[in-house]
Amino acid sequence: MNNNAYKENLISRRKEYPEKVFKGIFLLSALVSVLSVIAIIIFVFSKGLQPFFGEDAYSFLEFITGLKWDPGNDVYGVFYMIVGSLLATLGAIVLGVPIGLLTAVFIAELAPKELVAFIKPAIELLAGIPSVIYGAFGLGVIVPIINEISPTGQGESLLAVICVLTIMVLPTIISLSEASIRAVPKSYREASLGLGASKTQTIFKTVIPAARSGILTATVLGIGRAIGETMAVMMIAGNNIGGLPTSIWSKVRPLTTNIAMEMGYASGRHQDMLFATGVILFLFIMVINITLTKLTGKLGDKGRSK
Amino acid sequence: MSDIIKFSVSDLNLFYGNFQALKNINMKIAKEKITAFIGPSGCGKSTFIKTVNRMNDLIEGVRITGEITMDGVDIYKDMDAISLRTRVGMVFQQPNPFPMSIYDNVAYGPRIHGIRKKNVLDEIVEKSLRQAAIWDEVKDKLKKSALAVSGGQQQRICIARTLAIEPEVILMDEPTSALDPISTLKIEDLATELKQFYTIIIVTHNMQQAGRISDKTAFFLNGEVIEYGETEQIFNKPRNKKTEDYITGRFG
Amino acid sequence: MEKRKRNDRKLKDGILQGLIYLSAILTVTVLAVIIGFILYKGLPGINFDFLTRQWDDRTTFVNVERKAALTEKNDAAYVASLGITLALDNENIVISHIDKDSPVKAALNMKNQAYVLKKKDIITKAGDVKIEKMTAEEAAAVLNEGMGVVRIKIIRPGGGIVPMLVSTIYIILLSLIIAAPVGISSAIFLNEYAKRGRILRLIRFAIQNLAGIPSIIYGLFGMLVFVQIFKMQYSVLAGSLTLSIMLLPTIISTTEEALREIPPAYREASFGLGSTKLQTIRRIILPGALPGILVAIILSIGRIVGESAALIWTAGTVAQIPGALVGSEAGAATLTTKMYWLIKESADLSTASSIAVVLLVLIIVLNIASKLITRVFLTKKGMN
Amino acid sequence: MMKLRKVLVAVLTIAMIAALSGCGKQDNTTTDNEETTSSPEATATPGTEETADTTESPAQDLSGTITITGSTSVEKPLTAMIDEFMALNPDVTINYTGTGSSAGIADTLAGANDIGTSSRTLKSEEEVDGLKEVVFAYDGIAVAVNPANPITDISTEDLAKIFSGQITNWSEVGGNDASIVVVSREGASGTRDAFEELIKLEDAGGLLEDATVVEGNGNVQTSVAGNENAIGYVSFSFIDETVKSINVDGVEGTPENAKSGVYPLSRPFLFVYMEDKATPAVQAFIDFSLSEEGQGFVEENGGIRID
């Protein structure tokens, strides 16, 4: 009991130093994320805002409200792209959320175990497929189908984009909704069933409302994925150089594909303008993120008050 | 009182944020004796035991005033938490062996304190397990996971793990609350064995347990020490009405 | 009345249930169609050559010392002095057989270095004679003429995905070497050290933002900063650095989840034994979180394998095994970027689909691996 | 738990080793081309017996790296030439990245490459002192329609009207009664610049806003092949049987016609480089591209020889 001497001095001194060093390392690592975000914002914004300042500045108003993108003639308008991006995202969410939610209900509430063991990995696979493959699929399957049915006789269209994006947001929506449906306490279901509600009624009147915050989060994340998708969309959007979309058969040129199409080639102001398009895209993403933070914040509050 | 004083606590207050969990504690704890803390849930006894080896430091928002000395040294001012904890070991409410082999569990402490030699470690492990009265039960499965034995055995392995760092004091925070009666008895016997060498402080819900094994008992209520004295006296002739109510079961 | 109400309800229930089943069927069908499409288009193109060859054809001149002692064979397409047999394949003269003692095994390229000829190498010129558009027999006759050293122009056919496979592995390793330590350290800081407050909120906000930024923005950033400002050119390092930032949120949040699963009792016990925070992290927390960290790494690999927008403008689309980390020889196309390039530049959906089949197999393997790790971990945990 | 951890560590280690050794192996297969072996039979010295062929004998000891960026349309003939040139001069490495004509020229002006390639003539602001341009081939731009489209001939004026949106139905140019689907290339594509210039699209009002814009020659072909009513344009060297190339102003789009100038949609393929910075290797490569041997590759790959 008396060889405590080795502890006394050795420990406190020898251990203090690496403790501090490593805490510093961990903190620095955590700050890498912060620095990265700051760096991305600074570089993308400074290059993207450049054309709107200084001599022979391009009018920002013309940029943001413009309906034509023609770099060869120094015309840069992105309004029709913003509309295209928003419509494509909206379409994907309007289709994807109900389908995804109902599939989640199926997996969580109705499907027998053996089927779940098959469907869940399938959905995980769907989530893991590279977007280029979705693009190839859109180009090889969806576009030819729309070719046949479209009044314009052309497959590359808003509709094609919506179809592919819907498929791409499904895994996100399904897995998050499923998790939140499963998190609904069993007692809710029992209470509802005990009051004479049918299983379907229980699902739609009790379970889904109880899981709604999770479903909402899934939707917001789905919006994020849809608005940011690039390569798959680029192959099937049509990417017209101007004009607002008038129907689902119209071509669109989402913000992302505008950047990706010309980035390899562009130089000078043209390149700056692509960064400016990136700035607009970034702002949209920021809005989505802040919504998400607010949403999860509220979610947390609700959890606490329970 | 011929006891040697191990700990001396004076004017100790502890706050979780705005909530005061311990109020003005003054107490002297004797060396190589068993001191029991009793009281209803939330009375502060567990909080108090954790101030003795500064485990409360790990919780955010805790503020402590007052003084605790061990062998006359202020444990908050003149000692760092790490070396304090190597001298004041702790056994927790739930048996919490690490997810490693029995051997590695017991050897964990010595290893982090820099002992690497296999034969020294072997010796410490065997000695600690013997002291914890579990050597015979596990000597053939030292390489097996510590999670694969019964709860009572796990708790004794945890005690052995504590003994392996050769502390002067062992804190036991309701060490038997998760165990069956037979395992409980074994731990109690063990505690009485160990007090020859160690100062033991035990928090317990079980009053019979306090009566059976402790030399001194403190009764906590709402963060205050209501009564502190020889166990015999507390149980047989409590001076305070609240103590009497609690001990006779009219309360809590 | 009652009955009608009940019937109404039944009808409603039926419709809703029908919708549920329909959605589930739709989801699974879509997956089946996608995979079916890829397999249908891509499987025919998958063969041994596709998996083992270089991408580009490679032209080389070699000098071969002809044998003096001839072994005659009763085959007009056999070149006795070189010990090889020729054949016509797709209008090309190819080597169909090489004798054991053939001098082409000691062929030298123009740098005087060994360039061993292989089966299926195409011969287009012998000495000054072009032997394209000849029959195998005519070509053999040309090659058999003369003595001593002959210079042959060889095309080693490409069409394989080896360079992309290697580039993909390089980028995976490089990205993880950069991102994993940073990500895991961040998670440790957030879960073990950080106190609630402004810094923590800031870090979390930043991570959430990183997770939301579309990969095309990462591509813009990487091209501007790494490729142009740091003058790395299209290179594996520029690509990996870009991806590392992109991977951080995945690694951090998955690792953090694993750290959170470690029972606080382990930490308490460890501290109670007088270990420092660092010792506790090293000996208790990290080993316990290892499966979660592995899952994080697998998820990251999945993202790297599937990424295109962030890589095309940082690592380029050249099908070569990168010879350096930065600079003009460091450009590297991964499987996915090459697949995109194929569709874009040569409208070659079949070869693109063949690459997609390889990608699908990779993704499936990764999914299974992460499943296995989680499952093993869960059953083990069930013990306590 | 214990075991699990060990297993995981083992698996991870094995995976890492496998991955590493995997790359190692790949490296070997590529580098063993370059490896020197001291085989006793390897006594032959190059060029001792076969010096007759002057065009391909590596007379000078050229070495170094040449970076080429620019037009993607030149890819096929260019990579064929690079392949041959590197085979003849093993110490020279040539890297070509297709970035588009404008970027290629800009890179040359900025000193970011050794040679820029362009598939259009230089704009006046790009003509700088010291910048040398060399035409190494001509290319025709084929007008591609779907094979199911009965149309066989179109005038440049009609092309301009179609691409500017003044003509929207095939019946106006003698085809079926169906609306025309216009497929064009992304901005900054040399092919697009050249095409628009050759049909004087600017005078007709510029590209139709609603035209489908796709990236790359390949995507144009996919779009046209996939749509009966589509019209697009691709470089001669890319055209394949999935689409139909139609006559322009009554002239068939053949290399001969383009070379003789009868075919209206032809353009030069250019090398641009800074004369004072050109290394011997750069000069040698450009000479090689203009030689009989180099021009052979131009012809083989759908391009048109300069002579």
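**Stop one: inside chain A**

Between domain 1 of chain A and domain 2 of chain A, three residue pairs are in polar contact, both residues of each pair being at pLDDT 80 or more. Keep in mind as you look around that this is a predicted model. On the side of domain 1 of chain A that touches domain 2 of chain A, you'll find seven nonpolar, two polar and two charged residues.

To set up that view, select residues 2-57 of chain A for domain 1 and residues 64-297 of chain A for domain 2. Give each its own colour. The C-alpha centres of these two domains of chain A lie 35 Å apart. Where they meet, eleven residues of domain 1 of chain A are in contact with ten residues of domain 2 of chain A.

How much area do domain 1 of chain A and domain 2 of chain A bury between them? It comes to about 970 Å², with 75% of it on carbon and sulfur atoms.

Next, look for charges. Two salt bridges cross the interface of domain 1 of chain A and domain 2 of chain A. For a salt bridge to zoom in on, pick Asp56(A) and Arg269(A), whose closest N and O atoms are 3.6 Å apart.

**Stop two: where chain A meets chain C**

Zoom out and bring up chain A together with chain C. Here 78 residues of chain A are in contact with 75 residues of chain C. The area buried between chain A and chain C is about 6700 Å², and carbon and sulfur atoms give 79% of that.

Which residue forms a salt bridge with Lys371(C)? Select Glu124(A): the closest N and O atoms of this pair are 2.6 Å apart. The count of salt bridges between chain A and chain C is one. Polar contacts across the interface of chain A and chain C come to twelve residue pairs, both residues at pLDDT 80 or more.

Now highlight helix H1 (residues 5-49) of chain A, which gives the most to the side of chain A that touches chain C, with 20 residues. Colour that side of chain A by class and you get 54 nonpolar, 19 polar and five charged residues.

**Last stop: chain B by confidence**

Switch to chain B and colour by pLDDT. The average for chain B is 89, and 98% of the residues score at least 70. Where is confidence lowest in chain B, and where is it highest? Look at helix H2 (residues 81-87) of chain B for the lowest, at a mean of 87, and at strand S8 (residues 199-203) of chain B for the highest, at 94.

Methods. Residues are numbered from 1 along each chain as its sequence is written. Chains are lettered from A and ligands numbered from 1 in the order in which they are written. This is a predicted model: local features need pLDDT of at least 70, side-chain atom pairs count only at pLDDT 80 or more; totals for chains, interfaces and linings use all residues. Side-chain values use heavy atoms; hydrogens and water are left out. Domain bounds come from an automatic or database domain assignment. Contact means heavy atoms within 4.5 Å. Buried area is the accessible area (1.4 Å probe) that two parts lose on being put together, summed over both. A salt bridge is a side-chain nitrogen of Lys or Arg within 4 Å of a carboxyl oxygen of Asp or Glu. A polar contact is a pair of N or O atoms within 3.5 Å; within protein, one must be able to donate a hydrogen and the other to accept it, and residues adjacent in sequence count only if both atoms are side-chain atoms. Ala, Val, Leu, Ile, Met, Phe, Trp, Tyr, Cys and Pro count as nonpolar, Asp, Glu, Lys and Arg as charged, and the others, Gly among them, as polar. pLDDT is the predictor's confidence in each residue, from 0 to 100. Helices (H or I, at least four residues) and strands (E, at least two) are DSSP runs, numbered from the N terminus.
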